[in-house]
Amino acid sequence: MHGGQAIPARRLRSNDACWCGSKKKLKRCHGDHESFRRAPIRPGTVSPMLAVPDGIEAPYYVGATKRPRTGVSIVTDPAELVALERASRLAAQVLQTTGAAVRPGVTTDELDAVAHQAYLDRGTYPSTRGYGTYTKSICTSVNEVVCHGIPDDRPLQAGDIVNVDVTAFVDGFHGDTSATFLVGEVDEPTRALVETARAARDVGISAVRPGKTINVIGRAIQHYAHQRGYGVVSDYGGHGIGREFHAAPHIFHVDTRGADTVMVPGMVFTIEPMLNAGVSTHTMWDDGWTVVTEDGLPSAQFEHTVIVTEDGARVLTLPEG
């Protein structure tokens, strides 16, 4: 998903004092990612698509040749809201189960199998399975992979980070959530990146207000991330969700001119900022899915599905509702 032109905002520079108060330069403290640079992630072998029993309903796009995108997702009918909440809650449970399996030596393909079974145990369909050419049940984005990493046979190593992105489809609705997990002991600059990405998501959620335009979300996220010296990916963002996996509006995570959709109660979308330790630019692997940072430094992301309320936003993707 591609965005508009970002409005410049000052980013903490490498020679500035670190945000943590250590009185060291950023590049010698929490910005010292070069000292901990890891070997680039390489594509591994991808196993075949896992089966889903006939009794579990699949989204209509499975087996289709196009990925549709529809108008703004607004849910106000009480029965539909119950279904949306259930899909979101179950997605959060699948994420929780999968995250508990993250450890050194586990392959991302094994994580995919854990998630797949967790979906089936809850009678839900993995929304990514059969979405266009994507065949796996989750996305697993390791280290410098920004998003849409495909699970494969590469074992996770101590010091890695991995984002697990889960979307569950049940009762005609999708719920979408993700988190970045630490694999064993992780260096402090990378750990700080991960925690800032989590906080940036929450800052974006806090900016949601009915009557405001959606660019307030990106403005809040970008300002927070830049205060700590991190880049924010502008070309990929959140999205409307509900009966459709991806719907309008696109949720920018940077302050963007033209992002003038007005938020109204019942509007449902995801907030999922991707923060980079280095440059905000990225490239894509030949698989047509895996997006990686251009400089090879790590990226972290957290995501919730939210619904706009009369006075803010309510997070739907919590495991216990």
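Is Val262 buried, partly exposed or exposed, and what is its relative accessibility? Val262 counts as partly exposed, because its relative accessibility is 39%. This value comes from a predicted model. The points below cover a surface patch, a helix pair and two further residues.

**Surface patch**
- Val262 sits in the loop between β9 (247–251) and β10 (268–271).
- Together with Val72, Ile74 and Val264, Val262 makes a nonpolar surface patch.
- The patch covers about 270 Å².

**Helix pair**
- Two packed helices are described by the angle between their axes and the distance between the axes.
- Here the pair is α1 (residues 78–99) and α2 (residues 108–121).
- Their axes come within 9 Å and cross at roughly 145°.
- The crossing of α1 past α2 is right-handed.
- On the α1 side, Val94, Thr97 and Thr98 make the contact.
- On the α2 side, the contact is made by Leu111, Val114, Ala115, Ala118 and Tyr119.

**A buried strand residue**
- Thr140 belongs to strand β3 (residues 139–142).
- Thr140 counts as buried because its relative accessibility is 4%, and the cut-off for buried is under 20%.
- Leaving aside neighbours within four places in sequence, Thr140 is in contact with Thr108, Gly149, Ile150, Pro151, Val162 and Asn163.

- Glu320 is found in the segment after β16 (313–315).
- Glu320 counts as exposed because its relative accessibility is 68%, and the cut-off for exposed is over 50%.
- Glu320 and Arg89 are 231 residues apart along the chain, yet 6.6 Å separates their C-alpha atoms.

Key: Residues numbered from 1 in each chain as written. Predicted model: local features only at pLDDT ≥ 70, side-chain atom pairs only at ≥ 80, totals over all residues. Heavy atoms only, no water. Patch = residues over 30% accessible without salt bridge, like charges linked within 9 Å, V, L, I, M, F, W, Y side chains within 5 Å. Areas by Shrake-Rupley, 256 points an atom, 1.4 Å probe, with all protein chains shown as cover. Salt bridge = Lys/Arg side-chain N within 4 Å of Asp/Glu carboxyl O. Helix = DSSP H or I, 4+ residues; strand = E, 2+ residues; numbered from the N terminus. Buried < 20%, exposed > 50% of the residue type's maximum accessible area, 1.4 Å probe, protein only. Axes fitted to C-alpha atoms, helices over the stretch in contact; angles between N-to-C directions. Left-handed = near helix turned anticlockwise from the far one by under 90°. Contact = heavy atoms within 4.5 Å.
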